[in-house]
Every structure is written in C-alpha cells, then in structure tokens.
Amino acid sequence: MSSPQILYLTSSWPHDKSFGGQLRALQIGRALQSVGQVTVTVIGSDAAPTEVIKRTADEFAVEPPMRVNVEPNRGLIPRLQWAFNPRFLNVHGCVVSAADRERLLKRLKDFDLVWVLNSRTPNILNQWHWPNSVLDIDDLPSAFQRTVSQNGAGLNEKLKAGIRMCLLQRRERFWKERFSVLSVCSEADRQYLGGGEHIHVIPNGFERPAVEPVRNLSTPPRIGFIGLYSYLPNMEGMKWFLRECWPLVKAQVPDARLRLAGKDTDGALKPNAQDVDALGYIDDPADEITTWSAMIIPVRHGAGTRVKIADAFSRKCPVVSTHLGAYGYDVEHGRELLLVDKPADFANACVSLIRDQAAATAMTERAYAAFLEKWTWDAIAPRVWAAAEDALALARAPV
C-alpha cells in the first residue's frame, strides 16, 4: 500500500528564523513525514528569503507559496456579518488571491490528508469545509480575548474583549463541523472546546539537546527574555515587567542586567531602560542562555502554550513565569519553575534565583527530567501520528 499523500498548510516556513510558530511548523512537518509523503504550502504575507525556501525544499516537497492580501471589512454589512454570522470567513481582514485559492482547491483531491496549522489559515483561504483534515490549533482566539478581558488596561478594553470572546466562541463551535479532527496544545484547551474523541492534544516542545547543557553564569548576574518582541503578548508582558518588576529587582541586585533576545528586540520597539541589553535575533542562543540566572516569561495576555517553557527546560535555565505564561504545562510552583503574578512576587522570585544557586540548580534538574519525558519532539511525535491516523481512518470509514 502506498504512503498517504499529505498536504501541509502553514503560515510559517518550516526553516525560517526560529520562533514559536516556526518551531511547531517544522516539527509537526517532520512528524508527519513518518506517516506519509508531505507537501508544504505556505500561506503568508511576507516573501521568504531564498535560503529559507531552499532549506525547506531540501526536506519537504514544496508547492508555490500563497500570498495573503489585505481585504478589510469596510462598511456596515461586512461588519455585521463578522459579528453575527459565524459562517462569515473574512474574520481577519485578509484573503489569498482567487487564482491561488482555485489552484489549491483543485489540488485537494490529490491528497489523502490535509493538515492545517493554526485556525486563521482556513479562513484566509475562504474555504468552509475541509474533508480528510486535521486543524492544528496553536492558540484559541476566544481564549486570547478572555485573558484581555481579565487583564486589560481599562474597563473599556475589558468590555470589548469580553464581547469579542463571546463572538469568537460561536465560531469555534463550528470547527468540529468544518474539520475531521482537531488538535490543541494542552488538555486544558481540549476541555475548553468540549472534549471528544476526535480532539487530540499535541503539546508544544523543543528539540532534545545533543549534549546535556551546562550552565555558565555571568558576573554581574543576568536575567533574560527570548521571543518575538513585536508579538503583542510578549511586548505587553515585557512592558509590564520593565515598569512594575525591574526596578524592584535593581533595588535588591543593583548590578543585575536584563538581556532581551529575539527578533525585533533591537528594533524600533526596543525598550529604553537602565541596564537592558537588546540583542536582537540570535541564530543559536544556547551560549547566551547558559549565562542567565533566570529566564522570565511575564505573559499576561495570550492563548495556547509558550514554547519558551520547553526551551528553558531543555537548556536547564531557571524560569520565572506568570501562571498564564506556563498555561497548559503540567508544572508546579517550586518544582520545575517559579509561578508568580504580582510585581513584587515576580521580582523577588528573580532575585531568589540569583542568590540561591543551589535551589535554582535543583529546580532545573527536575525541569530537565520532565522535559525529557514529555516535551521533546521525539516524545510528542506519536501524538501527531495518532491525530493523522484518526483523520485517515475517518476518511476510509464507510459513509
């Protein structure tokens, strides 16, 4: 029997610069290679560098990318449709061209399975029903709005987010109708969608290091953050940390430095604060992270799960996170990381990891053991296979 043909639709090039969405795109694609022949189609607004396309084509079959065009919902009728018609697809104000969409729909019949990464992509493609499919939901739009309704800057922002949350929840109820199988990043997200046998949990993870990491702490001490700085939850969380927490850390450890790594940390959005080093994108941040006394994850808005948790655990870097920053991970405060939400508590947690290296090291050893068991991509791959096989079995079942 020939291998299944799998069309893999993603908004991130699997071999683009590293960030959470790209890492999941690459590793899900690699896991699917064990199920069948994978063909990648990227749906995005930005043209990729030639080297990124080449590296992707060296590992996968690649279809021509589909460019996304801005098409905002102007006027009363489109806005009313967005609000009250859950089958209205131009939710994001952008679509692919009619020619690209037609080309894709003609190709669907050539594949046994369609794997769609993130819930935005099928709407941008303006297609309601996806037979023989898996929708891999890296975050839940309504869950994001729920966090804004809880932690927004003011009453008006919170009320608007609450309304958007309710409207998006109506749309999410139709996912089971539109797709054969759903996958989410955590059991909490699975329960949020109502559970059921055709919703699979595929956690975010990180590659197992070739050599067990060894910490090489700097003097003066460093606290670090890594991530796409222009991503709103990251930027909002860091602004909160710099405003509310960093002065409290400096009051106790005057020579401490804050290191920001990741795309756009050194761009126009970079913070202007005392003893903050904006490093920008680092192709391999391993040597940098080994010098940190703690990695901070001060996320207060967002949905899905943060790759940063698995990243830090894989490098034996101590973590201080908000509860939302560690959402979806089976972790406990004081066991694998420190979980705190109030500014003074967050600052004191950072200081404690700087001052008590024995406790910090013991915590990282527990986190590393948990990472090897649950959050390497080798450990996660069987979950990808199970979701794919579920969709393939449904396609083979008699009607």
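**Entry 1: cysteines**

A disulfide, as I use the term here, is a pair of cysteine sulfur atoms within 2.5 Å. By this rule I found zero disulfides. I looked at cysteine 350: its closest cysteine sulfur belongs to cysteine 245, 7.2 Å away, which is too far for a bond. Cysteine 350 is buried, at 0% relative accessibility (buried means under 20% relative accessible area, exposed over 50%, partly exposed in between, with a 1.4 Å probe and protein chains only). Cysteine 185 is buried too, at 2%.

A note on what I am reading: this is a predicted model, in which local features need pLDDT of at least 70 and side-chain atom pairs count only at pLDDT 80 or more, while totals for chains, interfaces and linings use all residues. Residues are numbered from 1 along each chain as its sequence is written, and side-chain values use heavy atoms, with hydrogens and water left out.

**Entry 2: valine 40**

I went to strand β2 (residues 37-44), where valine 40 sits (helices, H or I with at least four residues, and strands, E with at least two, are DSSP runs numbered from the N terminus). Is valine 40 buried or exposed? Valine 40 is buried, with a relative accessible area of 0%. Setting aside residues up to four places away in sequence, I saw valine 40 touch Tyr8, Thr10, Pro14, Phe60, Ala61, Val62 and Glu63 (contact means heavy atoms within 4.5 Å).

I checked the length of helix α7 (residues 155-172) next. Its 18 residues should span 26 Å at 1.5 Å a residue, and its end C-alpha atoms are 25 Å apart, which agrees (the expected span is 1.5 Å times one less than the number of residues). Among the buried residues of α7 are Met165, Leu167 and Leu168. Their cover includes α3, α6 (141-151), α8 (175-178) and α9 (187-192).

Helix α15 (residues 377-396) has 20 residues and reaches 28 Å from first C-alpha to last, close to the 28 Å expected. Its buried residues include Trp377, Ile380, Val384 and Asp390. What covers the buried residues of α15 includes α1 (20-32), β7 (130-137), β8 (179-184) and α14 (357-374).

In α9 I stopped at arginine 190. At 19% relative accessibility, arginine 190 counts as buried.

**Entry 3: salt bridges**

How many salt bridges does the structure hold? I have 27, each a side-chain nitrogen of Lys or Arg within 4 Å of a carboxyl oxygen of Asp or Glu.

Arginine 30 and glutamate 59 meet in one of them, at 2.7 Å from N to O. Arginine 30 lies in helix α1 and glutamate 59 in helix α2 (residues 50-59), so the pair ties together parts 29 residues apart in sequence. Arginine 30 is partly exposed at 30%, and glutamate 59 is partly exposed at 28%.

Within α2, lysine 54 and aspartate 58 are four residues apart, about one turn of the helix. Their closest N and O atoms are 3.2 Å apart, in a salt bridge. Lysine 54 is partly exposed at 47%, whereas aspartate 58 is exposed at 57%.

I also looked up arginine 87 and glutamate 177, whose side chains form a salt bridge at 3.1 Å, N to O. This pair links distant parts of the chain: arginine 87 is in the loop between α3 and β5 (94-96), and glutamate 177 is in helix α8, 90 residues apart. Elsewhere, salt bridges that share partners join Arg222, Lys250, Arg257, Arg259, Asp275, Asp277 and Glu288 into one network.
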